[in-house]
Amino acid sequence: MKHAQILLFIGKGGVGKTTCSVTTAVHLADKGFKVLLASLDPAHNAGDALDCSLNDQKTSVTPTLDALEIDLETLIQRYLKQTSEMMRHTYRYLTVINLEKFFEMIQYSPGIEEQATLEALKNIIFQEAFHYDVIVFDTAPTGLTLRVLALPSLSMLWTQKLTGLRKKILDLRSSIAHIHGEKYLTVEGIQEKLATSEDDDATMRELRQYHTEIERIRKTLTNPNLTSVAAVLNAEEMPLLETERAAEALKKFQIPLKLLIVNKVLRFEQTPPEFMRKMQQQEAIIARASQAFPQQTLLQATWQQEEPRGLEKLRQFCPEAAEFFMNLL
Ligand SMILES: Nc1ncnc2c1ncn2[C@@H]1O[C@H](COP(=O)(O)OP(=O)(O)OP(=O)(O)O)[C@@H](O)[C@H]1O
Ligand SMILES: [Mg+2]
């Protein structure tokens with residue numbers, strides 16, 4: 001089976017990321033594609049938009065649409081538990097480190113939400129990519145999402161540095177072992193040789209495995225045949241500026257931005273006089289956006305008198321985004 005297309009909807013708070021991502025998922029599912037909608041936003045709005053209750057397990061919304069919302073708190077706890085178990089095993093000879101205290105502290109450390117979100121993104125893609133045609137991600141507002149998307153490239157640098165350091169340690173150990181003989185440790189009643197080669201070293205194995213996983217997710221997110229980002233904005237100055245900054249960051253990390261959706265565009269048959277100025281500003285922003293993003297497709301989704309919530313209304317809302325992505329499938 002083919003690898004699913006990964007669609008990520010990003011944008012400033014409140015512009016309509018959830019509405020546009022959920023709408024696109026519904027339209028694609030209605031066309032017969034097998035779709036997984038996954039919300040990475042801790043604010044839990046995908047269920048509100050679909051007007052159904054979702055949790056961190058897949059729920060079937062229509063015969064071809066499944067949806068889930070990640071629970072960041074559970075994820076952070078699970079991530080810390082896995083990491084602490086792995087560290088407890090790998091470093092079981094280092095009894096001087098109090099792991100409990102260490103993990104109590106790092107659960108509040110900056111960056112932990114981003115790391116846990118990346119773990120979720122990675123797990124969903126690795127586990128589900130061959131079960132769906134499309135995986136649509138609704139994301140948290142720009143800042144957090146960009147930090148998550150930056151992590152694979154940054155983590156690659158870290159693992160390369162750490163691997164280099166570990167190699168030096170192993171080389172030193174090996175030199176000492178040549179002079180003084182191999183060193184043995186008794187850990188939990190079992191005698192073990194202190195690793196001197198890369199293949200015997202649990203830390204090096206762990207680094208290699210992490211490197212492989214992070215490289216795999218980085219390759220997926222930077223592959224324009226697999227991943228597409230849609231930036232949602234409103235026809236206002238601040239969302240446009242934020243979209244431009246986001247686009248620069250995505251470019252730096254080589255993550256393909258393909259689509260811009262200007263949402264909540266006002267359309268009147270006859271513009272009321274008090275909206276004249278607003279309409280001029282709206283047109284000016286849309287013109288600037290299409291000039292600033294010549295390589296992206298720009299779509300407009302009109303402001304709806306009633307919030308596009310629930311399957312029935314979502315089916316009437318912005319089918320163009322799904323049509324754009326259908327051409328990539
Ligand atoms: N085209 C539209 N017309 C009318 N209302 C809309 C439209 N698009 C979105 N909305 C409404 O605007 C509000 C914000 O939309 P939504 O939750 O999709 O934004 P978001 O970018 O996901 O927000 P957050 O950053 O909080 O996750 C919601 O109440 C939604 O129903
Ligand atoms: Mg949202």
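In this predicted model, the largest cavity is lined by Leu8, Leu40, Thr117, Leu121, Thr139, Ala140, Leu144, Thr145, Val148 and Leu149. Its volume is about 60 Å³. By class, the lining has seven nonpolar and three polar residues, and no charged ones. Two helices, α5 (112–128) and α6 (142–180), each give at least two residues to this lining. The largest share, four residues, comes from α6. In total, three cavities reach 30 Å³ or more.

How do the axes of α5 and α6 cross? They come within 9 Å and cross at roughly 65 degrees. The two helices are therefore roughly perpendicular to each other. Their crossing is right-handed. On the α5 side, the contact involves Glu113, Glu114, Gln115, Thr117 and Leu118. On the α6 side, Leu144, Arg147, Val148, Leu151 and Pro152 meet them. The residues of this contact divide into five nonpolar, two polar and three charged. Thr117, Leu144 and Val148 belong to this contact and also line the largest cavity.

By class, the lining of the largest pocket has 26 nonpolar, 13 polar and 11 charged residues.

The second largest pocket holds about 460 Å³ of space. Of its 23 lining residues, Gly14, Gly16, Thr19, Lys264 and Glu307 are the closest to its centre. Here α1 (17–30), α2 (46–50) and β9 (257–265) each supply at least two residues. The largest share, three residues, is from α1. This lining divides into six nonpolar, 10 polar and seven charged residues.

One more helix pair remains. Helix α8 (residues 237–252) packs with helix α9 (residues 276–292) at an angle of about 10 degrees, with axes 10 Å apart. That makes α8 roughly parallel to α9. Glu237, Leu240, Leu241 and Glu244 in α8 meet Ile285, Arg288, Ala289 and Ala292 in α9. Five of the contact residues are nonpolar, none polar and three charged.

How values were computed. Residues are numbered from 1 along each chain as its sequence is written. Chains are lettered from A and ligands numbered from 1 in the order in which they are written. This is a predicted model: local features need pLDDT of at least 70, side-chain atom pairs count only at pLDDT 80 or more; totals for chains, interfaces and linings use all residues. Side-chain values use heavy atoms; hydrogens and water are left out. On a 1 Å grid over the protein atoms alone, a cavity is a set of points where a 1.4 Å probe fits but cannot get out, and a pocket is an open set with protein on both sides within 12 Å along at least five of seven lines; lining residues have an atom within 4 Å of a point. Grid points are joined across faces, edges and corners, and a volume is the space filled by probe spheres set on the points. Ala, Val, Leu, Ile, Met, Phe, Trp, Tyr, Cys and Pro count as nonpolar, Asp, Glu, Lys and Arg as charged, and the others, Gly among them, as polar. Axes are lines fitted to C-alpha atoms, for helices over the stretch in contact, and angles run from 0 to 180 degrees between N-to-C directions. Angles under 35 degrees count as roughly parallel, over 145 as roughly antiparallel, 65 to 115 as roughly perpendicular and the rest as oblique. A crossing is left-handed if the near helix is turned anticlockwise from the far one by less than a right angle, and right-handed if clockwise. Contact means heavy atoms within 4.5 Å.
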